[in-house]
Structure formats: C-alpha cells, structure tokens
Amino acid sequence: MQMTQMEMEIQNAAGAPNWYALFTRHQHEKSVAFALSNKNHEVYLPLYRSVRQWQDRAKQLWFPLFPCYVFIREGMDRQLQILTTPGVIHIVGWSGRPAVVPQSQLEAVMRIMESCLIVETHPYLRSGDRVRVITGPLMGLEGILTRKKGEARLVVSMEMLGQSAAVEIDVLNVERTGPFPVAKLAQRISASA
C-alpha cells in the first residue's frame with residue numbers, strides 16, 4: 001500500500017512538536033485563541049486585513065484566514081482543558097484521534113502571512129495548475145495558480161481542513177510543477193477506457 005505525501009510528512013515529523021486544528025464556533029476564533037494562550041498553550045490564528053465599507057465610513061477589520069479554525073501546538077495531553085474552552089467545538093481528527101496538521105502546509109501559511117503581501121481567503125481547490133514560486137519572498141512555496149479580476153494568485157491549501165488562502169503573485173515568478181487539468185482529465189479517461 002502506498003503512503004500519501006501527507007502521511008509520510010506526519011510520520012517524518014513525529015519527533016517535532018506537532019500542530020493540531022481546533023474547530024470553533026462561528027466568530028469565536030479570536031476569543032478561543034486568547035483563552036488558550038491564557039492557559040499556556042501555543043496557538044496560531046492567521047488573520048487577514050479587510051476594509052469594509054458602510055454608508056457613512058470605511059473601517060479596517062481583521063478576519064480569520066480560515067473561519068472557524070484555530071491551530072494549537074501540542075497539548076493533546078490536556079484535551080479536556082482544550083475542549084472545555086468556551087467556543088471550542090472539537091479537535092479536528094480521524095477515527096477519534098487528533099489529526100496532525102502537516103508542517104509544510106502550516107509553514108506555507110505562516111510564510112504568506114509574514115510576507116506583507118495582500119492575503120485573503122480563497123475557496124478550496126482540488127484541480128488546477130500546481131506551481132512553485134521561483135523568486136521573491138515566497139520562493140519555494142507550491143500551490144495552485146488562479147486568476148481573479150485579471151490578477152494572478154497563488155492558492156495554498158490546508159487539505160485536512162478543506163480551506164485555502166490566496167496571495168497575489170506575478171506569473172513571471174512561478175514555474176509549473178504539475179500537469180494541466182486537461183492532461184489529468186485525459187489520463188482519467190484513458191485509464192477508464
């Protein structure tokens with residue numbers, strides 16, 4: 001049986017402190033992160049800036065990049081303390097066990113957030129051109145290239161959450177690493193024939 005890339009990465013990171021995802025009540029991400037920090041847990045809540053326009057004014061607000069999710073480092077030995085935190089619904093997992101967030105995916109999100117580029121939430125994508133950034137502050141990151149309003153964007157996905165983030169990028173700074181969607185479709189058709 002072949003191991004997926006995510007399974008191999010989790011197995012390789014067994015010695016390093018692991019990150020886990022918590023599913024929270026809607027609009028409770030900040031209060032959950034604050035409460036868990038006060039309980040001496042290391043938490044990560046990526047926030048992006050958005051300007052909202054009302055009739056009489058515009059206001060700059062900060063929103064969670066992944067709505068209803070907060071990341072926590074280790075602490076699975078104190079699950080009751082985590083789960084009784086107001087706003088926490090459950091620890092993301094499979095078969096009743098907490099699932100480890102792949103380190104490379106979380107590091108990619110951290111790099112995007114630290115890059116000072118415009119970041120926003122993005123619908124999770126399964127197909128599209130996989131690309132690698134070859135120059136600039138995001139060099140080495142891989143994701144899916146999309147377009148919005150004529151601007152190219154690199155979409156980085158948190159596969160286990162079914163969530164993605166997008167950052168504006170110059171298409172001259174990326175190289176294709178995966179097949180075009182049409183090629184994938186052609187492979188599936190020829191395999192089923």
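Me: Before anything else, what makes two aromatic rings count as a pair here?

Reply: Rings of Phe, Tyr and Trp pair if their centres lie within 6.5 Å, taking the six-membered ring for Trp. Keep in mind that this is a predicted model. By that rule W19, Y44, F66 and F71 form one aromatic cluster, and the count comes to five aromatic pairs.

Me: How do I read the geometry of a single pair?

Reply: Two things describe a pair of aromatic rings: the distance of the centres and the angle of the planes. Take F23 and Y69: the centres are 5.3 Å apart and the planes sit at 65 degrees, so this pair is edge-to-face. The pair links distant parts of the chain, with F23 in strand β1 and Y69 in strand β5, 46 residues apart.

Me: Which charged residue lies over the face of W54?

Reply: That's R57, at 5.2 Å from the ring centre.

Me: OK, on to the core. Which residues touch the most other members?

Reply: In soluble globular proteins, nonpolar side chains tend to be buried together. Here the largest nonpolar core has 30 residues, and F66, F71, V101, L154, M158 and L161 touch the most other members. The elements giving two or more residues to this core are β1, β5, α4, β11, β13 and β14. For a local view, click on F71: its contacts beyond four places in sequence include W19, Y44, F66, V101, L106, M158 and L161. There's also a second, separate core of 13 residues, with V32, L36, M76 and I91 among them.

Me: And how do I check a helix, say α4?

Reply: An α-helix has 3.6 residues a turn, so residues three or four places apart point the same way. Start with the length of α4: at 1.5 Å a residue, its twelve residues (103–114) should span 16 Å, and the end C-alpha atoms are 16 Å apart, which agrees. Then look at burial: Q105, L106, A108, V109 and I112 are buried. Seen down the axis of α4, these fall within an arc of 155 degrees, so they line one face of the helix.

Me: What follows α4?

Reply: C116, whose phi is positive, near 65 degrees.

Technical notes
Residues are numbered from 1 along each chain as its sequence is written. This is a predicted model: local features need pLDDT of at least 70, side-chain atom pairs count only at pLDDT 80 or more; totals for chains, interfaces and linings use all residues. Side-chain values use heavy atoms; hydrogens and water are left out. Helices (H or I, at least four residues) and strands (E, at least two) are DSSP runs, numbered from the N terminus. The expected span of a helix is 1.5 Å times one less than its number of residues. Buried means under 20% relative accessible area, exposed over 50%, partly exposed in between (1.4 Å probe, protein chains only). The arc is that of the directions from the helix axis to the C-beta atoms. Rings of Phe, Tyr and Trp (its six-membered ring) pair if their centres lie within 6.5 Å; planes under 30 degrees apart count as stacked, over 60 as edge-to-face and the rest as tilted. A charge sits over a ring if NZ of Lys or CZ of Arg is within 6 Å of the ring centre and within 35 degrees of the ring normal. A nonpolar core is a set of buried Ala, Val, Leu, Ile, Met, Phe, Trp, Tyr and Cys residues joined through side-chain atoms within 4.5 Å. Contact means heavy atoms within 4.5 Å.
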